[in-house]
Each structure stands twice: as structure tokens, then as C-alpha cells.
Amino acid sequence: MFRHLIAALCFILPATGALKAADWPPADPAAVAHWQSLRFGMFIHWGPVSQTAKEISWSRGPGKGQIPVEQYDNLYKTFDPEKFNADEWVGIAKAAGMKYIVLVAKHHDGFCLWDSKYTDYDIMHTPFHRDVAKELSEACKKQGIALGFYYSVPDVHNPDWPYALVGRGHPLREKYNLDAYQDYLQNQVTELIKNYGPLITIWYDSDGTVNAIYGKRGADAIKVARGLQPDILVDNRAGDGGDYLTPEQHIGGFDINRPWESCMTVSAHGHWSWAGAKDGVKPVATCIRMLANSAGGDGNMLLDVGPRPDGIIDPGQAGVLKGIGDWLAANGESIYGTRGGPYKPTKDYASTRKADVIYLHLFNTNGGKLTLPALPVAVKSASILGGGNADALNTPAGLTVTLTCANPSSPDTVVKLTIDGKAMDIPPI
């Protein structure tokens, strides 16, 4: 991940990156639609660095407060997460209402969480000596959760990658071999898809160097994935396009034309990997509103956890996820399988839609009565998900919604409007 440790709440900012035509097979429209329908997934950053409570990859270096390179690169020799249980991880994701998981199989530091025949710098050469990717793949299949893998294009541990340290601004190695590294990348991605698939996505990443250094080779990275599994999706960070945008540590802007997914952290301080017991977590209400704003903008949300070095997802993080799941148990129909709009998100509300229904996500109920811009269709009925009544009066002057029996402490009160027409036919408001 880029090192954007920004405290994110519910600000609506533009999605970053670009989706461009390239020399690789296009995404399967049905696969894109299915991925969009899931809306909510779990991101997992974890590895030997979790023993230090410092950030993955970015803490490796000679700077003040960083872990010396030789020390960092040998952390795997003491990594023995004996309490790791893939079924428990997937169970926590299910309890949160998450529909897919993206495991960081290899970050910029080059350490691999699977049994790779192309390197010894992997989980099988730790005291733990168990294939995490395999166990997680089996647990996901058993519990009905889709699985994807994050794979960093930069790899500062591999001598064929041009940089020995993460990020821009460092000198190139005296010797490197991008042709050899490209073979390495493609061989490892082939392992992940063939040995642990089918996968919902390969989530390539950059440390800010990929477009300039790897560039057009990114098209080949996408070709390899798509050639092995035609319906797999690939994000936009391989260096040459992709299927969906990836705004990081902020919620993407309203966009019903280009698929996108915001990646966010449970960590209160924006940490991706485990940052220790004092790191803290975002409030459940904040996370619910982030999810509603993502869906309201027509995007997905990938919410990150950083398991402890012993392999357990900390109860504090798991508790936040459980709180989101409790809200989704009553309000999930307003998230899953919906599209964003027709109202563009604001700080007070968002909206989602499907068939002949519009869901109003109200973050500020304004004493039980509020007025929004008018809808160009008649409203047939209104109700509050999870219990409660609502009245909706739609006139040319505006849509006035009056709530009764709503829970004023809810972080997101969802009003369900049944309309006379197709919700997706309404232009963005």
C-alpha cells in the first residue's frame, strides 16, 4: 500500500488512478457486476513485521525509527504465529457481513505467505512452516467467502527489482534485471491462481515506482492473470491499466461508469499491519458510514485488519467488524446488490438503488424531518429498515421525508422508498 496514513472519516473525494484501454483481454461484465454486488470485503496485512508493531515494508530502512534492513529481512526466522486459524479469520469476516477477502500474499518487502517454489523468503521457511494461503483458501471455500490476493509489483528483497528500498527517491541498484523479475512475478502470480484459485481478484500494488519502472510490463501482468482465469478481476496498480480504481484511505467520489473500491483501515491511526495494543480502532459508526458512502458512490469498500503476530485478529478490531455486521443484519439489503444513487453522497446522507427501490442512508435525521431534491418519479411507499415508519411526500419543491420510531442513535438510518419506475433510470441528482 502507498503510505497514506490519513485519518479517514466520510469525506467524499474523487477516485484516483486511471482505467485505460490496453493490450489485454477486457473484464467479463458478469464478473464485474458480481464483484460490485458484494460491496464489502476484508483486507489483511500480516507477516513477520507484525512482530515489531511497525508498518509493513515502509519500516524497512536506515532512517530514524525504522528497522535496519538486515534485521527486517531476518524477522521471518522468528515468525511462528501458532494461534493462526484460517477458519476463525473467515468467520470474523462473515460476522462482519463481508463477502470477500483479499490477503496480502506479498507486500513490497517480498515476503510470501504461500509455498512458492521461486523463493525461500516465504512462510514455509519460518518456524511456522504452514501454507497460510492454502489454509485461507480452503476456509473461504468452506464458508462461502470469495478470495483474492494482493501481490506487490515492487519487491525490494529480490535483487532483480531496481530498488533496494521502498518508495521513490532512492538510487537504483547497480545491477538489476527487469526481464528476470518479470518472469519471477508472472511465475508467482501463476502459482497463486493455479494453486489457490479460483480467485475473485489479483490486487497488484505499487510503492510509487511502478508506472515509471515497470510501465507497459503491467499489461503482461494482467494478461497472465486473465489467461489463467478469464473471469478474474485485476485492479489498476499493475502499471498499465486495470478493471477497477483503488482510492486509498478515502472514499471514492460518485462514479457509476467506472468500477472502484476504496481500501480503508480499521486502525484508528491508519496502520495497515498490526501496530500494537495502543493503536486503537475507528468507531463502528465511522466504519458504517464509510461503507454507506462507498455504496452510495457506487463503489466497494475493502476494510483492512492487521492480525497480531500470534495469528489472532485482535478482539478490538474484531469487535468493530462485529458491530458493522450487526448493522448489516438489519440493513444489508441497502448495500448488497445495489448501485449508487440517484442522490450523490453528502455529509448528511447517501443513497443506493435497485429495481424499483431507492434506499436513503441518513446520517443526520434532523429531528425526524428532512427535505431532499425532488425525484422525477412518484413514491409509492416508505419505511425504515430494521423497524419504524416513514412518510415521503414528493413534490416539485422537493422530497420531504418524515420519520417516526427511528433510532436516533443509529449511525445510518435507512429509509426504503418504493417508486413507480426503475431506480436506475433516474439521472444522478
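A helix's expected span is taken as 1.5 Å times one less than its number of residues, with helices (H or I, at least four residues) and strands (E, at least two) being DSSP runs numbered from the N terminus. The model here is predicted, with local features needing pLDDT of at least 70, side-chain atom pairs counting only at pLDDT 80 or more, and totals for chains, interfaces and linings using all residues. Residue numbers start from 1 along each chain as its sequence is written, and side-chain values rest on heavy atoms, with hydrogens and water left out.

Take α5 to begin with. Its 19 residues should span 27 Å, and the end C-alpha atoms sit 26 Å apart, so the two agree. Buried residues (under 20% relative accessible area, 1.4 Å probe, protein chains only) of α5 include Leu-178, Tyr-181, Tyr-184 and Glu-191. Among the elements covering them are β2 (100-106), α4 (132-143), β3 (146-152) and α7.

As for α7 (residues 217-228), its 12 residues should span 16 Å, which agrees with the 17 Å between its end C-alpha atoms. Its buried residues include Gly-218, Ile-222 and Arg-226, and their cover includes α5 (178-196), β4 (201-205) and β5 (233-234).

Further along, the axes (lines fitted to C-alpha atoms over the stretch in contact) of α8 (residues 284-296) and α9 (residues 315-331) come within 9 Å and cross at roughly 55°. Contact (heavy atoms within 4.5 Å) is made by Val-284, Cys-287, Ile-288 and Leu-291 of α8 with Val-320, Gly-323, Ile-324, Trp-327 and Leu-328 of α9.

Conventions:
Axes fitted to C-alpha atoms, helices over the stretch in contact; angles between N-to-C directions. Buried < 20%, exposed > 50% of the residue type's maximum accessible area, 1.4 Å probe, protein only.
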